[in-house]
Amino acid sequence: MSALLSAAYGEDRSGAAARGRPERLYVADLKLTDFRNYARAHVRLDDRPVLLVGENGAGKTNLLEAVSLLGAGQGLRGRPYGDLVRKDAPGGFAIAARVMSRHGEVEIGTGSAPPEAGEGTGRVVRISGKEQSAGALADYVSVIWLIPAMDGLFTGPGSERRRFLDRLVLAIDPKMRGPLGRYDRAMRQRNRLFQMREGSRTLFTGLETEMAEAAVAIAAARLDAVARLAALIETTRRARGDSPFPWAVISVEGMLENALAMQSATEVEDAHRALLDASRERDRAASRTLEGPHLSDFIVSHGPKEIPAPLCSSGEQKALLIGLVLAKAEFIKALQGVPPLILLDEIAAHLDRARREALFGEILRLDTQAWMTGTDVALFAPIAQDAQILTVNQGIIRS
């Protein structure tokens, strides 16, 4: 591990966790080194919402991205870790944070090693001074986000909706990273065999057995996640009535999900394995796998209007998406006992006054450390007195 990362992570402070279990999850201290446009940055925070104000291109979204990397996964942009290193930096990047988690205070560090260290461009994680996998962060930090790139969630490719759904699946059961990873790896290997014109039945059978087992686990987990979130949405609607953010009707649609409604998991697994075997030549012609959970879709409708989300206006889609994100935050709070961190990029500028005030009210009600960005601090007036405001200017952060 590089000296840069070791310095950022600090020493083992696992004893800090014994100092109490907070009622909230929040970032108390954040340090960045050679991350995006930040050469060095350090902010100290309390548990209130965080408002990041500055011109476009100042580095506000970069700061949100850094916070998103305190959780498991590849962060809110999903970029290769090598792309996160500041231009002309001599080594890799480092993010170090002191976080009040549901397990108490914890020191989290993550970053990339410089190429000369021979550690590649993968992600390195330390929790309380001990090196661990990135997946272990899920035990300490839950983080959800809404960024402008997600505005086309309902009309864009199904892959984006699957990622949105699978992040909910992982919030319920972080161990689902195993089946998701196994399926993806086995499918890529099977597709590669097609491209190599490989004909070994043994190689295909082994991969297809692994794919079928993982595929059914993924489909079952998605069905469970959607059913539980749908139940929470319905309970909330009945308890609180109408909201500026319309309630959603949600489901997951796919061959395996549909089959699980009528057959046992074992029967579906056997059938899917047989299907992969039978469709091998068709898939070979396409050089890809044409059936499986990688093609399932997360279906959303506007509840009050009873119309599919893709047919709603852009304003209705935005309100529906915000409502889904808030419902997801409520669900995680009920599941884990503390609300997740919520990252909202340029959220206020695209809402009218009533919806801005409603959003801020929901953030305060959730009791979450929400991080919000904007160019005009006046848009945050309704929540400013309950928040901490940071000014961001070309990689420099001031409170």
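## A tour by strands and helices

Begin by selecting strand E3 together with strand E14 (residues 388–393), which pair in the parallel sense over 4 bridges; two strands are said to pair if DSSP finds at least two bridges between them. Strands (E, at least two residues) and helices (H or I, at least four residues) are DSSP runs, numbered from the N terminus. The structure on screen is a predicted model, in which local features need pLDDT of at least 70 and side-chain atom pairs count only at pLDDT 80 or more, while totals for chains, interfaces and linings use all residues. Residues are numbered from 1 along each chain as its sequence is written, and side-chain values use heavy atoms, with hydrogens and water left out.

Are the faces of E3 (residues 50–53) covered or open? Both are covered, with Val50 and Leu52 on one side and Leu51 and Val53 on the other, all of them buried, where buried means under 20% relative accessible area, exposed means over 50%, and partly exposed lies in between (1.4 Å probe, protein chains only).

**Strand E13 and Thr373**

Keep E13 selected and show its side chains: 5 of its 5 residues are buried, so the strand is largely enclosed by the rest of the structure. Ala370, Met372 and Gly374 lie on one side, and Trp371 and Thr373 on the other. Strand E12 (residues 341–344) runs parallel to E13 and is joined to it by 3 bridges, with Leu344 standing opposite Met372.

Now centre on Thr373, a residue of E13 that is buried, with a relative accessible area of 0%. A polar contact of 2.5 Å joins its side chain to that of Asp345; a polar contact is a pair of N or O atoms within 3.5 Å, of which, within protein, one must be able to donate a hydrogen and the other to accept it, and residues adjacent in sequence count only if both atoms are side-chain atoms. The side chain of Thr373 also reaches the backbone nitrogen of Glu346, at 2.7 Å. Beyond neighbours within four places in sequence, the residues in contact with Thr373 (heavy atoms within 4.5 Å) include Leu52, Lys60, Leu64 and Phe380.

**The sheet of E9, E10 and E11**

Next, select the open sheet of 3 strands in the order E9-E10-E11, whose pairing is antiparallel. Strand E9 (248–253) and strand E11 (307–308) stand at the edges, each with a single partner strand, so one side of each is left without a neighbour in the sheet. E9 and strand E10 (residues 297–302) pair over 6 bridges, and Ser251 stands opposite Ile299 in E10. Helix H3 (residues 158–172) packs on the sheet, touching E9 and E10, and its direction makes about 90° with that of E10. Helix H9 (residues 314–336) also packs on the sheet, touching E9 and E10, with an angle of about 115° to E10. For these angles, axes are lines fitted to C-alpha atoms, for helices over the stretch in contact, and angles run from 0 to 180 degrees between N-to-C directions.

**Helices H4 and H5**

Select helix H4 (residues 177–195) and helix H5 (residues 201–240), whose axes come within 8 Å and cross at roughly 145°. Their crossing is left-handed, which describes a near helix turned anticlockwise from the far one by less than a right angle, whereas clockwise is right-handed. Among the residues making the contact are Pro179, Tyr183 and Phe194 of H4 and Leu203, Met211 and Ile218 of H5. By class, the contact has 15 nonpolar, 1 polar and 4 charged residues, where Ala, Val, Leu, Ile, Met, Phe, Trp, Tyr, Cys and Pro count as nonpolar, Asp, Glu, Lys and Arg as charged, and the others, Gly among them, as polar.

Stay with Pro179 of H4, which counts as buried at 9% relative accessibility. Leaving aside neighbours within four places in sequence, Pro179 is in contact with Ala214, Ala217 and Ile218. The C-alpha atoms of Pro179 and Glu210, residues 31 apart in sequence, are 9.2 Å apart in space.

**Asn258**

End at Asn258 in helix H6 (residues 255–260), which is partly exposed, with a relative accessible area of 43%. Its C-alpha atom is separated by 9.9 Å from that of Val268, 10 residues apart along the chain.
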